[in-house]
Each structure stands twice: as structure tokens, then as C-alpha cells.
Amino acid sequence: MQALQTIKKISAENLPPILVLSGDDIGQFEWMKEQLLKKVGYNSSDLNYSYFDMKETAYAEVELDLVSLPFFADEKIVILDHFIDVTTAKKRYLTDDELQSFEDYLAAPLETTRLIVIAEGKLDSKRRIVKLLKRDAQLLEATELKEQELRAHFTEEIKSLGLAIDSQAFDQLLIKSGFDFSEIQKNLEFLKTYKGASSITISDIEEAIPKTLQDNLFDLIQMILKKQIDSARSLVKDLRLQGEDEIKLLAILLSQFRIFTQVKLLKQEGRTEPQIVSDLSELTGRKVNPYQVKFALRDSRGISLSYLEQAICLLIDTDFQMKSGTYEKDYLFDLALLKLANPSV
């Protein structure tokens, strides 16, 4: 959150000698990058700015520009974009010798050069070059925000866009956007176009922001649990018309029932919500979204473990039958819906 506040105050006049923008929250990182370039007044036709895409530029060209004096002003701004050599990414664009040359520059940077390093991803703290940057540069890192921080940032962003939104609509906007920074930003821009300066209500959110496949599958699960089989089949029919495949739909359903089971079991063991996120991240080998856990805990409250166990076994068996061509996929999927809504069938 500090990085978001800092970037709003940056300008070409107060730019530090070296500034590094990094982070693995891609949506937030891209927003910060856009804001940073705007704040420092970057213009490709302005000769006081030098921009290099490190994916395509030879380092010799970069080095020459770093050590050359500005022609038209007292200072110049050099921007090194996609500098992933300082991150944990396996891909590299520079040789060891070139990285050493860059380290040498960082040890004694030119006073008339303001350097901006833009590196998508997490900085590799084990590398000597990163230790130098952490010591001498101002660091801005796009890391995943807590819900409170996300709300605080977008409350300010809504005001800056000249929008007014009630609390229920704001909550629904976050949920519909999956608490994803870039999705919230994109949906806000769309709402700005959709409603102008008018006050935004929860009905506007429902009308303007299209449902995602995940939203539809959540609705499908709720229909199944409420035994609304006709509504469930109608929704599946719509999804088929949209080109969704039964095997894909089945996989998402299975994934959702699995996380319901996992969070219930961990909750029974006395694990807190943050501990469940950590446990599942370790179990799956990937970073689990905390909001996914939050909503899974909420939505699985009224579901028994015995039902979840039956549901998972049924979906695995249905998946096998679909892939082995036992019957038509649409028939097997509809049969699975019927059995999920009526476990005794």
C-alpha cells in the first residue's frame, strides 16, 4: 500500500537518482508502471528521456546512454523496462559480464542521470546486484494487497474518477472482480463510461459487469444445493451455447467441491483463515488466493463432509466416463447434476 501512495507523489522534479519498480501482483504492477511513466512526464519524442526495452536492446547501447551527459537539460531520465535479470525469473537477457558492468555503474552512477528500472516479478534478494539496488535505490514493489488496503486504494480511485458508489455496490464490485486489482480497475473504468458521473448502485454492477464463468459455476452450485435442477440445466444449456465444454465445466465444479472439502477439514482442525491459505499453498505448490479461501469457508458452511465426499467421487467418475466415451458428454453431465441435487439417486 505504501508503494501506491508513494507513486502518486512522484514527479520528474523529485525523482531519486535510482528508482526500481518491481512486483509479482501483475495488475497492480501494470497500473503502477503506467502511473510512474505519466508522473515523470515520459514522452518518446522528448530527447531528455531515454527508454530501453531490455528484451530487445543490446546492453552496450544502454551503457553508452547511462554514462553520457544530457544535451538539452541539466538532467536526463533513463528508463530500463523489462529488466527481469534482477528478478527471480529464470529467463535472462544480459550476460554475466554485462550485469557486472551494470553493477559497476550502480556503484558510481552519473549525477546527471535519473535511472528508472522496471522489473516485473519479485526481486532476487540473493543476487549482489539486487543488494546494491536495495541499498542505494528507492524501491516500489507491487505486492498483493490485503482486503483493507485494496478497499482503501479503490475508495480513493473512485473519488478521483468522479464516481459515487454505495457500500453494497462497492462490495459487489470487489466480489465480481474477484478482488483482483486489474479487474477492479478495468471494471471501474467501464462503470465510468457506463454511468458517467452518476451514483452507482448494486443493480448497475449486476447489469454492467458481465458474469464470468466462475460466477456462473458458483450460481450452478447454489442451484444444485437448493435442488433447483431445472434452473441448473437451463444455465448449463446457456453455457453450452457460449461454447463451454462439459469436461471443462466438470473440472471447475470438481475444483470447487475439493476446496470446500479442504477448508472444512482444516477448519475442523482449528486452523485460522491465514493458516488455511498457507497450508493450501504448500499443499498445492502454488500461491492460493486468500479470497478464494474466504468465500469457500463462507459458502461451504451448510454442506456436510459426507455430501462433499460423494460429490467428488461422482464428479471424478463422470469425468472418467466422459473421457473414455462411455456415453455422450451432455447426457453424463446432466445425470451428474441430477445426482448432485439428489444424492440418493
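Helices here are DSSP runs of H or I with at least four residues, strands are E runs of at least two, and both are numbered from the N terminus.

## Before we start

What you're looking at is a predicted model, where local features need pLDDT of at least 70, side-chain atom pairs count only at pLDDT 80 or more, and totals for chains, interfaces and linings use all residues. Residues are numbered from 1 along each chain as its sequence is written, and side-chain values use heavy atoms, with hydrogens and water left out.

His82 counts as buried because its relative accessible area is 14%. The cut-offs go like this: buried is under 20% relative accessible area, exposed is over 50%, and partly exposed is in between (1.4 Å probe, protein chains only).

Phe179 has a positive phi too, near 55 degrees, and is likewise not a glycine. You'll find Phe179 in the loop between H7 and H8. With 8% relative accessibility, Phe179 counts as buried.

## The two annotated stretches

UniProt, in an unreviewed entry, lists residues 20–142 as "domain: DNA polymerase III delta N-terminal". The C-alpha atoms at the ends of residues 20–142 are 11 Å apart, and the span is 36% helix and 23% strand. UniProt also lists residues 214–340 as "domain: DNA polymerase III delta subunit-like C-terminal", again in an unreviewed entry. For residues 214–340, the end C-alpha atoms lie 18 Å apart, with 80% helix and 0% strand in the span. A word of caution: UniProt positions follow the numbering used here, feature names are shortened, and annotations may be inferred rather than shown by experiment.

## A nonpolar patch

Which residues form a nonpolar patch on the surface? They are Leu47, Phe71 and Phe72, with about 450 Å² of accessible area together. Patch members have over 30% relative accessible area and no salt bridge; like charges are joined within 9 Å, and nonpolar side chains (Val, Leu, Ile, Met, Phe, Trp, Tyr) within 5 Å. The areas come from the Shrake-Rupley method with a 1.4 Å probe, and for residues only the protein chains shown count as cover.

Leu47 belongs to the loop between helix H2 (26–39) and strand E2 (49–53). Leu47 counts as exposed because its relative accessibility is 62%.

## The largest pocket

The largest pocket holds about 900 Å³ of space. Its lining has 33 residues, and Ile175, Gly178, Thr212, Gln214 and Asp215 lie nearest its centre. Several helices each give at least two residues to this lining, among them helix H7 (167–176), helix H8 (181–195) and helix H12 (246–268).

How is a pocket found? On a 1 Å grid over the protein atoms alone, a pocket is an open set of points with protein on both sides within 12 Å along at least five of seven lines, while a cavity is a set where a 1.4 Å probe fits but cannot get out; lining residues have an atom within 4 Å of a point. Grid points are joined across faces, edges and corners, and the volume is the space filled by probe spheres set on the points.

## Salt bridges

Side chains of opposite charge can pair when their charged atoms come close. The whole structure has 18 salt bridges, each one a side-chain nitrogen of Lys or Arg within 4 Å of a carboxyl oxygen of Asp or Glu. One of them pairs Asp334 with Arg233 (3.9 Å, N to O). This pair links distant parts of the chain: Asp334 is in helix H16 (residues 329–341) and Arg233 in helix H11 (residues 229–241), 101 residues apart. Asp334, at 18% relative accessibility, is buried, whereas Arg233, at 44%, is partly exposed.

Glu246 and Arg240 make another salt bridge (2.7 Å, N to O). Glu246 is buried with 10% relative accessible area, and Arg240 is partly exposed at 25%. Asp299 pairs with Arg298, their closest N and O atoms being 2.9 Å apart.
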